[in-house]
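Okay, everyone, thanks for coming. Let me put the model up and then walk you through a few spots I'd like you to look at.

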Amino acid sequence: MSQLVRLPSCISIPLGEKELKDLISKTKDWAVMHGIGIRSKTSFSEDFISFAPFTLLPSTYPRKEFQKAVNIQPTLNELMHRVAHNEKFLRETLQGTIQVDEFTGNLYKIWQTVLDEGVTQKLSLGLFRSDYMLHGDQYKIKQVEFNTISVSLAGVGNGVSICNRYVLEELGHYDKLQNLPENHALTGITTGLLEAWKIYRDPKAVILMIVEDVTYNICDQRFHEFELKRLNPRVKLIRKTLTEVHEEGSLTEDNQLIVDGYVVSVVYYRSAYSPEQIPSKREWDARLLIERSQAIKCPSIQYHLAGTKKVQQALAKPGALELFLTEARKINDVREVFTGLYGLDFDESGDQAIQMALDDPERFVLKPQREGGGNNIYGTEIRDVILKMKDSKERTAWILMERINPPLSTGYMIRPGGPNPPPLVEMVSELGVFGVIIGDSEKIMVNRQVGHMLRTKVSTANEGGVAAGFGALDSPYLIDIE
């Protein structure tokens with residue numbers, strides 16, 4: 001992929017070898033001692049944590065576009081909330097996908113079941129993250145995706161902002177600290193959990209975090225637990241897998257959720273977003289049990305469905321945003337950050353999208369209904385995948401997105417086991433902005449933007465997830481670009 005646009009480094013590089021080695025040695029220790037950590041996937045042990053991959057220096061980012069992403073987050077929160085409570089739109093949008101994508105189909109069945117029975121808890125808690133990449137020589141943000149379940153890196157990402165500040169201080173660049181934006185993502189996200197707990201009005205009830213069988217991204221999850229305790233020492237959080245919920249969970253006569261003897265006020269999913277995390281009927285039954293309960297879910301089943309790629313693509317159609325937003329300014333702001341998104345349905349527009357992908361596959365990314373990184377199809381491989389499925393219903397479970405061409409930056413990427421000193425590498429970055437929303441179909445009680453994170457990867461890599469093993473944690477250094 002040819003890229004001619006380049007962002008400057010925040011300081012003059014390269015650094016001298018001796019200075020660089022000393023700085024990296026100290027910064028690795030700083031990262032470990034401040035919780036910028038992750039468990040190894042190759043030699044997993046609950047007794048050991050390594051530092052998570054990170055960039056030594058913060059990456060430059062256009063101040064105007066950063067502020068645009070921050071300002072638009074409450075509007076996007078509202079948009080996804082309205083989408084989640086529009087039964088007609090969700091049904092029409094997902095009708096093809098649920099026939100060929102078993103995972104989304106099972107989520108849809110749970111949604112239909114609780115609608116038929118009558119929704120017990122009408123309030124939902126959304127801890128959202130909207131992800132962007134800069135596009136082209138105008139440096140405009142374009143939305144990569146909108147995440148409604150298991151949004152990560154508010155905890156360790158918050159720490160990297162402080163780590164990059166430490167590095168600039170060590171190098172004596174005190175004048176540059178003013179260009180590092182404040183980041184309160186961890187406190188902001190955790191406050192959302194606490195607000196939902198208070199709304200439930202049972203001081204003895206616990207918050208239940210749904211976790212994987214094996215958790216690699218442990219620091220990010222634990223930071224939320226510990227921050228919750230700091231904000232209110234009386235709140236208890238318990239961690240359970242869906243398998244454990246199936247074994248230990250039940251509903252009372254009035255549909256209170258009981259797990260391991262505790263009344264549950266809020267269920268916070270940090271798992272259950274991909275098929276391997278709900279491997280059998282037991283886990284699906286546990287997901288339904290939770291959804292039937294009085295507990296406030298993060299996300300509720302309709303929020304989960306609203307976050308699918310197919311919904312994202314449907315919202316990019318002409319006239320779609322007007323179904324949910326009334327202010328012309330908000331509609332224009334959202335439309336401006338959308339990139340080209342195309343469905344692969346069996347209709348004229350779907351056939352046109354298929355042909356576009358076959359004619360120029362390098363122009364697009366092919367996306368399934370999956371979260372967590374490592375699922376997308378790129379480049380010439382798109383043509384092979386399209387040719388295999390273009391005549392089958394499977395194609396309706398995918399969307400086609402125009403590829404974003406971000407500017408390059410140059411910096412040092414620090415990885416466990418990597419060389420010291422590391423080489424300078426060309427990189428591209430993805431900005432995530434966090435939002436909190438609480439509400440029901442009638443009203444929104446809480447809606448705000450609460451912080452940000454930045455992930456950076458080498459420019460030759462397609463995927464960028466840190467937990468998935470593709471990227472590195474970073475933070476933005478804001479610059480003015482005319």
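So, α14 passes α15 in a left-handed crossing, where left-handed says that the near helix is turned anticlockwise from the far one by less than a right angle, and clockwise would be right-handed. Helices here are DSSP runs of H or I with at least four residues, strands are runs of E with at least two, and both are numbered from the N terminus. The axes of α14 (residues 348-359) and α15 (residues 381-389) come within 8 Å and cross at roughly 140 degrees. Axes are lines fitted to C-alpha atoms, for helices over the stretch in contact, and the angles run from 0 to 180 degrees between N-to-C directions. That pair is therefore oblique; under 35 degrees would count as roughly parallel, over 145 as roughly antiparallel, 65 to 115 as roughly perpendicular, and the rest is oblique.

Who touches whom? On α14 we have Ile354, Ala357, Leu358 and Asp359, and on α15 Ile382, Arg383, Ile386 and Leu387, with contact meaning heavy atoms within 4.5 Å. Sorted by class, that contact has six nonpolar, no polar and two charged residues. Nonpolar covers Ala, Val, Leu, Ile, Met, Phe, Trp, Tyr, Cys and Pro, charged is Asp, Glu, Lys and Arg, and the others, Gly among them, are polar.

Before I go on, the bookkeeping: this is a predicted model, local features need pLDDT of at least 70, side-chain atom pairs count only at pLDDT 80 or more, and totals for chains, interfaces and linings use all residues. Residues are numbered from 1 along each chain as its sequence is written, and side-chain values use heavy atoms, with hydrogens and water left out.

Next, α7. How do α6 and α7 pack? Their axes are 8 Å apart, at an angle of about 155 degrees, so α6 and α7 are roughly antiparallel. Ala154, Gly155 and Asn158 of α6 meet Ala185, Leu186 and Ile189 of α7. No charged residues there: four are nonpolar and two polar.

α7 (residues 185-200) also meets α8 (residues 218-231), with axes that come within 9 Å and cross at roughly 70 degrees. That makes α7 roughly perpendicular to α8, and the crossing is right-handed. Among the contact residues are Leu186, Ile189 and Leu194 from α7, and Phe223, Leu228 and Leu231 from α8.

Most residues other than glycine have a negative phi, and most peptide bonds are trans. Here, Ile13 and Pro14 are joined by a cis bond with omega of about 10 degrees, in the segment before α1 (17-33) for Pro14. Asn420 to Pro421 is cis too, omega near 10 degrees, and Pro421 is in the loop between β17 (409-414) and β18 (424-439). Ser150 has a positive phi, near 55 degrees, and is found in the loop between β6 (140-147) and α6 (154-170).

Last, a pocket. The second largest pocket has 22 lining residues, with His85, Leu115, Val119, Lys122 and Gln302 nearest its centre. A pocket, on a 1 Å grid over the protein atoms alone, is an open set of points where a 1.4 Å probe fits, with protein on both sides within 12 Å along at least five of seven lines, and lining residues have an atom within 4 Å of a point. α5 (102-117), α10 (281-292) and α11 (301-306) each supply at least two lining residues, and α5 gives the most, four. By class, the lining has seven nonpolar, eight polar and seven charged residues.
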